[in-house]
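Here are my notes on the structure you sent, as numbered points. Please read them with the model open.

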Amino acid sequence: MISGKCSDVLIMINASKGSVSSISRSRPPRPGGFSSQRLTPGFYGRPPCTSDRTSYKMTSASSLSHHLKFPQGNSGSNLRLTRAAVMRSFSSFVSLAILLSCATARPCTQYVYPSESYSVAESTSSMPSSFQSLSTSSVATQGQRPHPPPSTLSTTSPSTSTAPVTCSGDLTKFTYFGVNEAGAEFGNTNIPGTLGTDYIFPEERCAFGYFVDLGFNFFRVPFLMERLVSPATGITGELDEDYFGLLNDTVNYITSKGASVAIEPHNFMIYDGSTLSSASEYVALWTNLANEYVSNPNVIFDLMNEPHDIAATTVAEMMQAGIDGVRSTGATQLILVEGTSWTTSGNSDAFATITDTLDNTAIEMHQYLDSDGSGTSETCVSSTIGAERIADATAWLQETGFKGFLGEIGAGSNDDCIAAVYGTMCAMQQAGGSWIGAAYWAAGPWWGDYFQSIEPPSGASVSEMLPQALEPFL
């Protein structure tokens, strides 16, 4: 562990080197293999620092062997990580030189860890096929990415791709633009689970500053309902003091940076093993949660992540209940609602009746660019697939007057995918303001070499996808 104060010092750290032969869904890796010693309230396993901007220099690369405990995702895929290198983890070392430039007083903590290299055994299970989002044809697809990374976690080779240099026409910039910050929803088969073992909050405080300094202004933070409100009391019960405290710390830090944060139950409309269907209970849940943030204008309420295997009319009723609960508190902030996923199911008709007394609700959709729209493959269908898949959704938004929000998009860092993500952003900003925001999936400290990781400094999407396909649309 690193200890002591941080004041423009060069710290040399030895990181254990090992090898990994395959991955299992048991627990997410602890970056760098550090212990979970508490350093800052609510934030674990990092050296103290007093700056939001930490400059990194990695003198060599290495991989750590971890005993992973991944949650079981709805895809049912089963992965296994061997611990072959754990016992010899101190037999060889790699030095990481990290220049910690601590110029401000705001707390900032940072993991120090080598890049991880996974060799992944392919899963034989299949992901759900693409779904018809709020459009009238099979576009704007959406599917669940298993959390943590799915079976297609292979390391992406460096690309020499060059995204288009211009996006022509009259562009309307996004009101909200940023990234998902995953971690608090991990370990969903272990309730309540252990912080730092089964789940972690997106504690990368330096990462928040990293994106804000680039010009991004939005973070989407998933949480797990069973940890926020205990199954012993149901969703109408009191908020768990410890778990909500960690969520609240994250929210307050993000909004203190001037950015907006969407809090979202990453439950797929399932709670304690059963599909949610009581509108009155959903009103109570969102009344309780929104009451905590009435006075924070930068908090956005994302009512539920990717409901599935449930009728679109039922989902619309639940989303309306959530809207009513939020507004009953006097909260005026933006609300995001999501349709049912993974099937062609009539979202466009069901959601046409959604109402908000303040007319401040947007329709959230998720778009992935692989063959089945699930976001589990690094291979995009084509360099234009993103713009093609959102075209009908854009037309629906323009026809109905609803505003759209692309809550998740992600792809491999290769020529076709970078161009496809760029094309998606371009098409959205060419739509005359129909799309008010977008967020890339995903940042978070436990992604390792996940091909869609945009966690700085070395996530697979940081070096090329970020500057070529996202930053041009700030």
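Predicted model: local features only at pLDDT ≥ 70, side-chain atom pairs only at ≥ 80, totals over all residues.

1. Helix H1 spans residues 205-214 and is mostly covered, with seven of its 10 residues buried. These are Arg205, Cys206, Ala207, Phe208, Gly209, Phe211 and Val212. Note that an arginine, Arg205, is on this buried list.

2. The sheet is a closed barrel of eight strands with parallel pairing, and its order runs S8-S9-S10-S13-S14-S15-S16-S17. On average, and with direction ignored, neighbouring strands are turned by 30° against each other.

3. His366 stands opposite Glu408 of S16. Helix H4 (residues 279-291) packs on the sheet and touches strands S9 (218-223), S10 (260-265) and S13 (299-302). The direction of H4 makes about 150° with that of S10.

4. Helix H8 also packs on the sheet, where its contacts are strand S8 (176-181), S16 and strand S17 (435-443). The angle between the directions of H8 and S16 is about 175°.

5. Helix H7 (residues 385-400) and helix H8 (residues 415-429) have axes that come within 6 Å and cross at roughly 35°. H7 contributes Ile385, Gly386, Ala387 and Ile390 to the contact, while H8 contributes Ala420, Gly423, Thr424, Ala427 and Met428. By class, six of the residues in this contact are nonpolar and three polar, with no charged ones.

Note on methods. Residues numbered from 1 in each chain as written. Heavy atoms only, no water. Axes fitted to C-alpha atoms, helices over the stretch in contact; angles between N-to-C directions. Helix = DSSP H or I, 4+ residues; strand = E, 2+ residues; numbered from the N terminus. Contact = heavy atoms within 4.5 Å. Nonpolar A, V, L, I, M, F, W, Y, C, P; charged D, E, K, R; others polar. Pairing = 2+ DSSP bridges. Buried < 20%, exposed > 50% of the residue type's maximum accessible area, 1.4 Å probe, protein only.
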